[in-house]
Amino acid sequence: MKSTANFSAFLQSIQQHEAGELAEYIRNSQETTQLVNKYSRYFGRLMPAFYILDYTQKKYVYVNSKISTFIDHPISRIMDGGLDFAWSIFNQVDLKIYSEHIITSNLKFLAGIPVQHHQNYVFSCNYRLKNKKGQFKQVLQQSVFIKSTQTGVPLATIGFISDISTYKSDTRIFHTVEPLYHESAKEDRYLINNFYFPNEEDSLLSKREVEVLKWICEGLKSIEIAHKLKISIFTVNNHRIHILQKTGSQNLVQLIRYAIKNNYL
């Protein structure tokens with residue numbers, strides 16, 4: 001599967017494909033119920049809205065009644081408008097990140113695994129949706145690709161959307177990929193774990209984070225940094241998490257490279 005620049009380019013590239021029996025599969029209420037039940041064990045605890053999206057038609061072939069609380073419109077509006085309507089209520093900065101980074105990262109991941117395993121991974125991200133009053137709601141989208149071509153091109157997805165506005169007020173976007181079922185508690189949960197910052201200032205390190213970064217690069221442990229800065233180890237660990245997210249680093253080596261490149265050392 002060739003890499004694509006953004007979501008629109010991907011949709012354009014699959015126009016010659018058809019989801020085939022997907023539409024008929026969804027029309028059968030019993031099959032739809034079974035499909036929902038299959039994944040609700042994973043997503044159901046969040047009591048989310050639910051949809052099935054056919055990429056080849058840019059249409060939602062099924063949505064549940066709760067979807068109206070997210071789109072602030074009758075269900076018919078999203079069924080008729082499809083992805084074009086969904087994009088119209090997206091925060092446009094979030095949509096750009098979703099289109100150019102998250103979708104392309106998902107496609108690259110799918111290209112690296114066997115087609116028969118596509119249904120075994122959960123793709124999650126958050127973004128903001130706008131209501132009729134122009135107010136934005138933070139939502140969490142979690143999806144599984146349920147239909148792909150033999151060459152690994154995804155054609156349809158089942159998705160769940162949850163309102164996380166109560167828990168999240170910042171604009172930071174996270175994007176993760178993880179197995180639907182974990183074999184053990186010790187297994188590394190996330191295969192992809194990325195963060196994006198729609199507001200550039202949110203990605204800048206604070207004065208305190210720069211101090212912690214320098215001590216980390218010196219090889220100090222959290223308890224030693226806490227002692228030097230006269231702050232709690234809990235605060236130091238929070239700074240560590242934010243520093244890794246803002247710098248896009250996965251380990252100490254990458255963090256040191258970032259610090260050197262940006263003249264912090």
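User: At what angle do the axes of helix 8 and helix 9 cross, and within what distance do they come?

Analyst: In this predicted model, where local features need pLDDT of at least 70, side-chain atom pairs count only at pLDDT 80 or more, and totals for chains, interfaces and linings use all residues, the axes of helix 8 (residues 222–229) and helix 9 (residues 233–247) come within 8 Å and cross at roughly 110 degrees. Helix 8 is therefore roughly perpendicular to helix 9, a term for angles of 65 to 115 degrees. Residues are numbered from 1 along each chain as its sequence is written, and side-chain values use heavy atoms, with hydrogens and water left out.

User: Which residues meet there?

Analyst: Ser222, Ile223, Ile225 and Ala226 of helix 8 meet Ile233, Val236, Asn237 and Arg240 of helix 9, where contact means heavy atoms within 4.5 Å. By class, this contact has five nonpolar, two polar and one charged residues.

User: And how do helix 7 and helix 10 cross?

Analyst: The axes of helix 7 (residues 207–217) and helix 10 (residues 252–261) come within 10 Å and cross at roughly 120 degrees. Leu213, Ile216 and Cys217 of helix 7 make the contact with Leu252, Leu255, Ile256 and Ala259 of helix 10, and these residues divide into seven nonpolar, no polar and no charged.

User: Changing topic, how many disulfides does the structure hold?

Analyst: The structure holds zero disulfides, a disulfide being a pair of cysteine sulfur atoms within 2.5 Å.

User: Is Cys217 buried or exposed?

Analyst: Cys217 counts as buried at 16% relative accessibility, since buried means under 20% relative accessible area with a 1.4 Å probe and protein chains only. Cys125 is also buried, with a relative accessible area of 2%.

Methods:
Axes are lines fitted to C-alpha atoms, for helices over the stretch in contact, and angles run from 0 to 180 degrees between N-to-C directions. Helices (H or I, at least four residues) and strands (E, at least two) are DSSP runs, numbered from the N terminus. Ala, Val, Leu, Ile, Met, Phe, Trp, Tyr, Cys and Pro count as nonpolar, Asp, Glu, Lys and Arg as charged, and the others, Gly among them, as polar. Buried means under 20% relative accessible area, exposed over 50%, partly exposed in between (1.4 Å probe, protein chains only). Angles under 35 degrees count as roughly parallel, over 145 as roughly antiparallel, 65 to 115 as roughly perpendicular and the rest as oblique.
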